[in-house]
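Please take a moment to look over the sequence and the model before reading on. The paragraphs below go through them step by step, beginning with a single term.

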Amino acid sequence: MPDSIVSLNEGSLRADLRELVRRTVEEMLNGLLDEEADDLVGAERYERTADREACRAGHYERKLTTTSGEVTIRMPKLKGMRFTTAVIERYRRREASVEEAMIEMCLAGVSTRGIEGVGEILWGSSVSAATVSNLNERAFEAVEAWGNGPLERACPYVYVDGIYLKRSWGGSYENVAAMVAIGVDDDGYREVIGAAEGFTESSECWRELLSWLRSRGPRGVRMFTGDKAAGMVGSIAEVFPEAAHQRRTVHFYRNVLARVPKTRRPRVAAMLKAIHAMESREAAEAKALEVASELEKSKLREAAMVVRDGYAETLAYTRFPRERWRRIRTNNAIERLNREIRRRTRVVGTFPDGRSALMLVTARLKYVAESSWGSRRYLGVTLLDE
């Protein structure tokens with residue numbers, strides 16, 4: 001009897017193998033996440049120990065694109081502790097950077113056909129023109145969804161700033177402002193809570209940004225820290241009447257020093273810093289008036305006037321516990337984001353329109369927020385308790 005001929009469906013076999021690899025990656029990642037959660041908690045699920053620092057509170061699902069295909073990740077939820085993972089950080093960074101790279105290439109004028117050649121580097125295999133268009137669309141949608149999601153956590157402190165970029169308009173070039181806001185949540189972690197476009201940092205632009213933030217549900221906003229931008233202070237009072245405004249001390253210093261001869265600026269700068277080194281609001285106010293008097297005696301009347309008129313708006317932080325002062329009276333919390341945005345947008349140069357600028361800014365914010373920037377505590381938990 002002749003030997004039986006065995007035939008293989010190569011396409012079906014490859015599909016089965018891909019699915020097997022995908023499921024294996026999915027199971028491995030979920031297993032590692034559970035082990036990581038157990039290590040953070042200090043006990044296995046349902047186990048009670050004296051060293052237990054928190055407890056498990058179920059899972060939530062999210063999709064993750066890997067070179068083996070899309071997998072479903074079951075992220076552990078913890079009570080009493082924030083769960084941060086190093087297991088999928090590499091995948092998260094890759095996913096975010098691919099989105100940003102797609103957007104940046106599109107904004108830089110790279111054609112769909114040109115992007116095809118980069119597809120193998122980005123995705124591990126070559127892609128068709130139709131696939132590139134779909135990926136671009138998905139990338140824009142993912143970034144837009146991230147930037148417009150609900151804000152469910154309380155944000156006692158909010159930091160705001162505007163960054164000017166160039167845009168093309170009717171054959172000429174104009175400034176477009178990308179206005180960024182970050183908040184510090186109840187656990188002391190920073191979170192990007194908004195980015196919006198504005199032709200100028202006008203009252204209308206700030207009012208629209210703050211109204212949009214309010215509509216997304218942030219709770220317990222107690223203070224905004226930022227520059228004394230045109231219209232911002234009034235808009236804060238209108239949209240968030242319960243919140244104070246803290247003017248950046250460095251901008252206050254610059255305004256005063258601009259009216260002081262260069263040779264005398266070091267001494268005057270030391271006098272100004274002494275105002276904010278005081279241990280109480282009363283002492284700081286008394287010091288500010290003393291500095292203004294000394295400036296008047298030194299025939300620096302314009303500088304003295306700026307001190308008298310502006311010192312109060314730099315002391316809003318004194319309403320809060322002293323341990324927080326160093327962190328909440330400056331915009332340092334947002335400075336790294338500004339540097340990242342400028343570094344990335346400088347590559348593109350001039351944007352075709354404001355929406356394109358905002359999209360790349362939001363993509364960069366998403367990338368940074370999902371890195372270690374968002375997982376490091378900016379304020380200790382104890383500092384958020386009265």
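A charge is said to sit over a ring if NZ of Lys or CZ of Arg is within 6 Å of the ring centre and within 35 degrees of the ring normal. In this model, which is predicted, Arg216 meets that description, since Arg216 lies over the face of Trp212 at 4.7 Å from the ring centre. The charged end of another arginine, Arg329, is placed over the ring of Tyr317, with 5.5 Å to the centre of that ring.

Tyr317 also belongs to an arrangement of rings. When the whole structure is searched, four aromatic pairs are found. One of them joins Tyr317 to Trp325 in an edge-to-face manner, with 5.2 Å from centre to centre and 80° between the planes. Both partners, Tyr317 and Trp325, are buried.

With these details in mind, the reader may step back to the chain as a whole. The protein chain has 386 residues, of which 45% count as buried, and its secondary structure consists of 14 helices and eight strands. Where contacts link residues at least 6 apart in sequence, 63% of these contacts join residues at least 24 apart. The accessible surface of the protein chain comes to about 20600 Å², and carbon and sulfur atoms account for 49% of that surface.

One of the helices, α5, can now be followed in more detail. Which residues of α5 are buried? They are Cys205, Trp206, Leu209, Leu210 and Leu213. Viewed down the axis of α5, these buried residues fall within an arc of 125°, so they line one face of the helix.

Glu204 counts as exposed because its relative accessible area is 52%, and exposed means over 50%. Although Glu204 and Met232 are 28 residues apart along the chain, their C-alpha atoms are separated by 9.1 Å. After the helix comes Gly217, a residue whose phi is positive, near 95°.

Conventions: Residues numbered from 1 in each chain as written. Predicted model: local features only at pLDDT ≥ 70, side-chain atom pairs only at ≥ 80, totals over all residues. Heavy atoms only, no water. Phe/Tyr/Trp six-rings, centres within 6.5 Å; stacked < 30°, edge-to-face > 60°. Buried < 20%, exposed > 50% of the residue type's maximum accessible area, 1.4 Å probe, protein only. Helix = DSSP H or I, 4+ residues; strand = E, 2+ residues; numbered from the N terminus. Contact = heavy atoms within 4.5 Å. Areas by Shrake-Rupley, 256 points an atom, 1.4 Å probe, with all protein chains shown as cover. Arc of directions from axis to C-beta.
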